[in-house]
Amino acid sequence: MHGERPFHEELRAAIAASGLSLDRIHERLRLRGVPVSAATLSSWQSGRHQPERRRSLSALAALEDVLSLPPASLSTRLAPPRPRGRWLPPGDTAPSLARAWPLGGVRDAVDVRWDSSLTRLSCHNRAEVDRERRLRSLSSRRLLRAEADGADRWIALYRLDSPGPLPRIRLAEPLRLGTVVELPEEGLVVAELLFERPLLRGETVIVDYTVEHRVPRPVSQHVETAIHVPMREHLLEVRFDPGALPYACYSYRTMGLEGDGRGARFRREQRLRVDAAGVAHAVALGAGECRFGIRWVWG
C-alpha cells in the first residue's frame with residue numbers, strides 16, 4: 001500500500017477537512033455524473049468496504065476533485081481486493097472504541113467484537129436538566145443494522161465530567177443488562193446491553209436506555225457525545241426545566257476525537273434556539289469521527 005495512511009483513513013481525514021457532509025459530497029458527485037450514495041461513502045471511510053468494482057474505482061477521480069485532493073491520492077492507498085464471500089467481523093474491534101474512550105483493561109471484561117459489524121443508522125440522545133441546573137439523566141435511542149450474523153449486544157459507555165457516584169443504567173425491554181464495569185476513579189461506567197436474540201445479517205434493532213444519576217450532580221453547562229464511526233443521523237436534545245432556562249445555547253462539533261469539545265482547537269459552533277417547551281436540539285448528518293455536543297450559558 002502506498003502512502004502513510006490506508007485508504008479509509010485518508011478519505012475520512014479528507015472529508016473532515018472539507019467540512020462537507022456525506023450528503024453534500026453525494027450531491028456534488030451526482031452533478032459530475034458519478035452516483036455514489038452517502039451510505040457507500042460512509043462504508044468507505046469506516047474501512048468496512050473499499051472501492052473494488054470498476055464503476056466505484058472510476059468514481060475516485062471525481063471524489064478527489066470534490067475533496068480538493070491531488071490526483072490519485074486516494075486510489076494509490078487502496079488495499080488489495082478482498083476475497084468475495086460472506087463478511088465476518090474482526091475478532092477485536094477495540095481500537096475503534098479506544099479512539100473515543102480510554103477502555104484500558106475494560107476490554108477484557110466486556111465483549112466488543114461486534115462493534116464494527118453494527119451500522120449506526122440513527123441516534124437520538126436526550127439530556128434532562130433540572131430546576132437546579134443539574135444534569136438529571138441522559139436517554140439514548142439508537143437504530144442499528146447488523147452487517148453480519150451473530151451480533152447480540154451493544155456496548156454503552158458513560159463518563160462523568162467531575163468526580164462523584166457513578167450513574168445507573170435503565171433499559172427499555174427487551175434489552176437485558178450483561179456485564180457492567182464501573183471505574184469510580186475514572187468516572188467511567190461500561191455496560192453490555194444484550195439483545196433479545198442474536199441478529200441476522202441485514203436485521204435492525206432499537207437500543208433504548210437511560211443513564212440516571214443516583215445523587216444530584218454539580219451545575220451543568222454542556223452535554224457531549226463521541227462519534228467514533230460514521231453515522232447517518234445524530235440528534236442531540238437538551239430539555240431544560242421551565243424554571244431554569246439558559247441565557248444562550250450553542251451546538252458544536254470538533255474535527256476528530258482528540259481532547260474534548262470545550263478545549264478542542266478546531267470546532268464549529270452554531271447558536272441554537274430554546275423553544276417554548278424549554279428544548280434545544282442539534283442534528284449532525286453524515287458525521288465521521290468527532291465530538292458533538294451542546295453547551296449553554298446560564299444568565
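Biologist: Which hand does the crossing of α2 and α4 have, left or right?
Modeller: The crossing of α2 and α4 is right-handed, a term used when the near helix is turned clockwise from the far one by less than a right angle, left-handed being the anticlockwise case. The model is predicted, with local features needing pLDDT of at least 70 and side-chain atom pairs pLDDT 80 or more, while totals for chains, interfaces and linings use all residues. Residues are numbered from 1 along each chain as its sequence is written, and side-chain values use heavy atoms, without hydrogens or water.

Biologist: Why is α2 called oblique to α4?
Modeller: The axes of α2 and α4, which are lines fitted to C-alpha atoms over the stretch in contact, with angles from 0 to 180 degrees between N-to-C directions, come within 10 Å and cross at roughly 120°. Under 35 degrees counts as roughly parallel, over 145 as roughly antiparallel and 65 to 115 as roughly perpendicular, the rest being oblique, so α2 is oblique to α4.

Biologist: What makes the contact of α2 with α4, and of which classes are its residues?
Modeller: Contact means heavy atoms within 4.5 Å, and here Ile 25, Arg 28 and Leu 29 of α2 meet Ala 62, Leu 63 and Val 66 of α4. These divide into 5 nonpolar, no polar and 1 charged, where Ala, Val, Leu, Ile, Met, Phe, Trp, Tyr, Cys and Pro count as nonpolar, Asp, Glu, Lys and Arg as charged, and the others, Gly among them, as polar.

Biologist: How do α2 and α3 cross, and what makes their contact?
Modeller: Their axes come within 9 Å and cross at roughly 115°, and α2 passes α3 in a right-handed crossing. Leu 22, Asp 23, Ile 25, His 26 and Leu 29 of α2 touch Ala 38, Leu 41, Ser 42 and Gln 45 of α3, giving 5 nonpolar, 3 polar and 1 charged residues.

Biologist: Which residues of α3 are called buried, and what covers them?
Modeller: In α3 (residues 38-46), Ala 38, Leu 41, Ser 42, Ser 43, Trp 44 and Gln 45 are buried, that is, under 20% relative accessible area with a 1.4 Å probe and protein chains only, over 50% being exposed and the range in between partly exposed. Their cover includes α1 (7-18), α2 (22-31) and α4 (54-66), and just after α3, Gly 47 takes a positive phi of about 85°.

Biologist: What makes β3 and β5 edge strands?
Modeller: Helices (H or I, at least four residues) and strands (E, at least two) are DSSP runs numbered from the N terminus, and two strands pair if DSSP finds at least two bridges between them. An open antiparallel sheet of 3 strands has the order β3-β6-β5; β3 (153-159) and β5 (176-183) each have a single partner strand, so one side of each lacks a neighbour in the sheet. The twist averages 15° from one strand to the next. β3 joins β6 (residues 188-194) by 7 antiparallel bridges, and Tyr 158 stands opposite Val 189 in β6.

Biologist: What is the strand order of the open sheet of 6 strands, and how do you know that β7 pairs with β2 and β4?
Modeller: The order is β4-β7-β2-β1-β9-β12, with mixed pairing, and the edge strands β4 and β12 (279-287) each pair on one side only. β2 (residues 135-146) and β7 (residues 204-212) share 9 antiparallel bridges, whereas β4 (residues 168-171) and β7 share 4, also antiparallel. Leu 143 stands opposite Ile 206 in β7, and Glu 212 in β7 stands opposite Ser 137 and opposite Arg 168.
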